[in-house]
Amino acid sequence: MEHKASPLNKKFWTPGVLVMLVFMIAGAIAIIARFTGGIGYVTNLSNARPWGLWVGVDVATGVALAAGGFTTAALAHIFGRHYYEPVTRPALLTAALGYTFVVIGLLIDIGRSWAIWKPMFYWNTNSVLFEVAVCVAIYLNVLYFEFLPIVAEQFKGRVNLPGIMAVFNPLIEMILKIGDAILDKTMWIFIILGVVLSCMHQSSLGSLMLVAPTKLHPLWYTPILPLLFLTSAFAVGYPMVVFETTIITSSLKLDSEMNILAPLTRITIFLLGIYMFLKFGDMFVRGTYIYLLDGTYQTNSFIIEMLLGIMVPWIMLLFEKVRNSRKGVFTAASLIIGGVVINRINVFIVGYKSPLSDNGYFPAPGEIFVTLGLIATLMFIYRIIVTYLPVLQAPKEVSP
Amino acid sequence: MQFSRRNFFKFMGVAGASVAALPSSARAWKSKAPPDSYGCLVDLTRCVGCRKCEEACSEVNKLPAPERADCQCTIFDRKRRPDDKAYTVVNRYFTGKLDQFDNPLPTYAKVQCMHCQDPSCVSACLAGALTKDETGAVKYDVSRCIGCRYCMVACPFEIPAYEYHNPITPKVMKCTFCYDRISEQGGLPGCATICPTEALTFGKRKTILKVAQKRLKENPGKYIDYVYGEKEVGGTSWLYISSVPFEKVNLPALPNKPLPKLSETIQHSLFSYLWSPLALFGVLGAVMYKSNKVQEEPQNKGGA
Amino acid sequence: MKIKMVRKIIFLAGLVILATALCMAEVWKAPDQEKAREKAKKIVPFIKEYKDDCKINRKICLMDAGISIKDVKDVYFLLDSPIIKKREDHYEPVRFAHKRHAALIQDCSMCHHYRPKDENALETTRCSACHQDSFNPDHPERIGIKAAYHQQCVKCHTAEAKGPVDCKGCHLQKVPDHKDLVKLPDNADPFQVTAECLRCHDTQGEDMLKTAHWLWKGPSPYTTGHRKDIMHGKGTTALNNY
């Protein structure tokens, strides 16, 4: 383990951060409106359209894009490719934050937020959503445990709370020390558990729609929907790492880490290839290609998903020139991520249609504000954490 | 990170034992329909559109009085759906039928929860807030509900409605089949009690299915020879017979297979006794152990 | 002339006496209405089995038996039964002119569509002998008495395009006893009375304010003291006490 992560030593209040702040405030106002006027007050949801932007993007897409956490952990820790360890920490942070915000998004979307603990006591093992909920709940804690050593690394031996809080210093110090020692011995359990739980709920998120065959467009409704969700999560994991690493390294002017990202994209060719194969195979086996030219917005959205989100980036990555260029890799990764985002939106929003009384759905401004606000808050907290905790690889030599 | 060999084998042993204890094949999916449940037959040829069922329903279930309860004309201009203020509504459809004076003949159709034999909503609800009762009623227990609205996504008839304007304690609202009334001896649902023309026939599902089939047989040409709800999504407690095609009165064409079958089969074949997660855990553990051993050895030699 | 005058006086006096007599006899009841009410109250033994006959056959049978309008004993009765009231009680019973319907239709088999299987039974029997409570599990196909009435009446009225088919065309709505509903102090003033009415009937009150009864304006040639007013009425100067 040659790499060394360290806190950032950069100015915090940049214009980007201020823009985030604006979105956060807008989101906060929308959230206040939701908890005073009700879901119906801020959203365009109806009895025919019970799930909208919040489930489609905040939850489903959030879970998919947090796949970077378990895929890199599997690669670096389980399959022993320690070469990739520098990207595991940022990916882990993205996953931990991503899942935290998935849960916050859920809390806003469900009608009785205060009752979210109930499924832990009232089980319905027939329910796909029950499995998803349990897995997400456990996995969120697993992620926190996986992240704890990073906190310990920074503060162990240095806990120094201000003022009256100082009495707790020794206690927290002790907790950190013991926790770190225990976690060091047991971390392998959490790492494997994290991968297992991810495989379970990433796939089950696709099974959610299997109960409603008459409501999901046949282009997406397939018995292998859980498998497609799982393989797409595998496929989007590394592109997500590429995407965020590139953005962070360029916006914070750090080293580009291309030496790690380029080989990651080679694995992606394989993973995305599997997903693409399944997706096309499913389309031909079920004969759903007959819909492709009917010109509805659903079909068009499917074509965009397949073409721009899967085929184009896959072909791009086949070229070594693309794989070795920072811009090329970034573009391909962005397309793959875009493809998975569109896929989740398609499954939960675009492809969903209640046959009896649906009048179409477009998210209300309130819904959009909440979603944007949550994303901005996520980025903001990410920014705080990389500023104060050793997440990103220490710059070898900061270029002025 | 330290990778303790002893811990690993301990854990793997437990995991392996639980996997081995599994039955080799997952059990086949079985319908959970109650054996002797109640049902209700809606005969659309008998409905006169008086909307008394709406009135009785809101009275029995303590809902606000139906919108313009006495109106039997303009209220039908708009197609209504059951919502959080009405468990049942009657709609009027002109399907092209004419009476002897060439006036278009209306067909009235009541909509409410169908109380499926194997309900999607019951399978979907993660906390078991929805249950299928012995009476056949699909019951909703608000004390378990978290408001995820997955039941609404799952329902093929688009029945559960939501109190979208209640910010903290919204409920899912849908027809209860008046289960506290029908579970009493001789009890009837509110709507069936009041229906003046007996367009609603209440009884044991088996009995009313026979009644429906008899009615179709004894009146050839009057009805479409089909009992809607006998087989749809594995059967529903509410059955419809009609003289006009069912799609024309907004009763959707649905597969005969119970909708929860696919997802429940997948869930149970993968996750019964958690065999697949445990197996995956074992495999990944083995891979991790092996790959780390391979890499540790040269390090140890180096005297690290 | 004189005789005519005397006749007129006698006639008027007779009228006055009759009217007084009517007023004096506080609870005079129409005998046929009472009879109908008694008849409707009775629950007759349920006829389990009926002779399954086709419609034309049935008509011929009735003609063969020589049954005609002359045989109609109950000229008038009420379509009502305690069996209905057991379930719900929203409307007053329908008053049914039996003989009139028989005379108009001239076909008894329209309503007397089947007969009991028992050969000794009468050819025609009352509706509520076969049709009783709804959803009888022993006879699931047999409709109840309420449905039998409604299906028969509505079907025929629609087909013949004669007679009412809406609820209130046949029924009076059951008005709840206002004795228990109205809560007024003794010696209530008109404003209190009006307010008490409006407590429940506020929509009717609102509607009233939009009618000519309330808004009417115009000349009032027959109103004492206002003969010359050209704009008099509830909409302007006349007293509105509610």
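Me: How many helices and strands does chain B have?

Reply: This is a predicted model, in which local features need pLDDT of at least 70, side-chain atom pairs count only at pLDDT 80 or more, and totals for chains, interfaces and linings use all residues. Residues are numbered from 1 along each chain as its sequence is written, chains are lettered from A and ligands numbered from 1 in the order in which they are written, and side-chain values use heavy atoms, leaving out hydrogens and water. Helices (H or I, at least four residues) and strands (E, at least two) are DSSP runs numbered from the N terminus. On that count chain B has 9 helices and 9 strands.

Me: What percentage of the residues of chain B count as buried?

Reply: Buried means under 20% relative accessible area, exposed over 50% and partly exposed in between, with a 1.4 Å probe and protein chains only. Of the 304 residues of chain B, the buried share is 55%.

Me: Is Trp238(B) buried or exposed?

Reply: Trp238(B) sits in strand β9 (residues 238-241) of chain B. Beyond its neighbours within four places in sequence, Trp238(B) has contacts (heavy atoms within 4.5 Å) with residues including Cys40(B), Lys110(B), Phe177(B) and Tyr228(B). Its relative accessibility is 0%, so Trp238(B) counts as buried.

Me: Why is α3(A) described as oblique to α12(A)?

Reply: Axes are lines fitted to C-alpha atoms, for helices over the stretch in contact, with angles from 0 to 180 degrees between N-to-C directions. The axes of α3 (residues 53-65) and α12 (residues 326-350) of chain A come within 9 Å and cross at roughly 140°. That angle makes α3(A) oblique to α12(A), because angles under 35 degrees count as roughly parallel, over 145 as roughly antiparallel, 65 to 115 as roughly perpendicular and the rest as oblique.

Me: How many nonpolar residues does the contact of α3(A) with α12(A) have?

Reply: Among the residues that meet are Leu53(A), Val57(A) and Ala64(A) in α3(A), and Ile337(A), Arg344(A) and Phe348(A) in α12(A). Ala, Val, Leu, Ile, Met, Phe, Trp, Tyr, Cys and Pro count as nonpolar, Asp, Glu, Lys and Arg as charged, and the others, Gly among them, as polar. Beside 2 polar and 1 charged residues, the nonpolar count is 12.

Me: Are the rings of Phe70(A) and Phe234(A) stacked, edge-to-face or tilted?

Reply: Rings of Phe, Tyr and Trp (its six-membered ring) pair if their centres lie within 6.5 Å; planes under 30 degrees apart count as stacked, over 60 as edge-to-face and the rest as tilted. Phe70(A) is in helix α4 (residues 68-78) and Phe234(A) in helix α8 (residues 225-251) of chain A, 164 residues apart. Phe70(A) is buried at 3% relative accessibility, whereas Phe234(A) is partly exposed at 23%. With centres 5.9 Å apart and planes at 55°, the pair is tilted.

Me: What value is phi of Phe135(C) near?

Reply: Phe135(C) lies in the loop between α6 (127-130) and α7 (145-160) of chain C and is buried at 11% relative accessibility. Most residues other than glycine have a negative phi. The phi of Phe135(C) is positive, near 55°.
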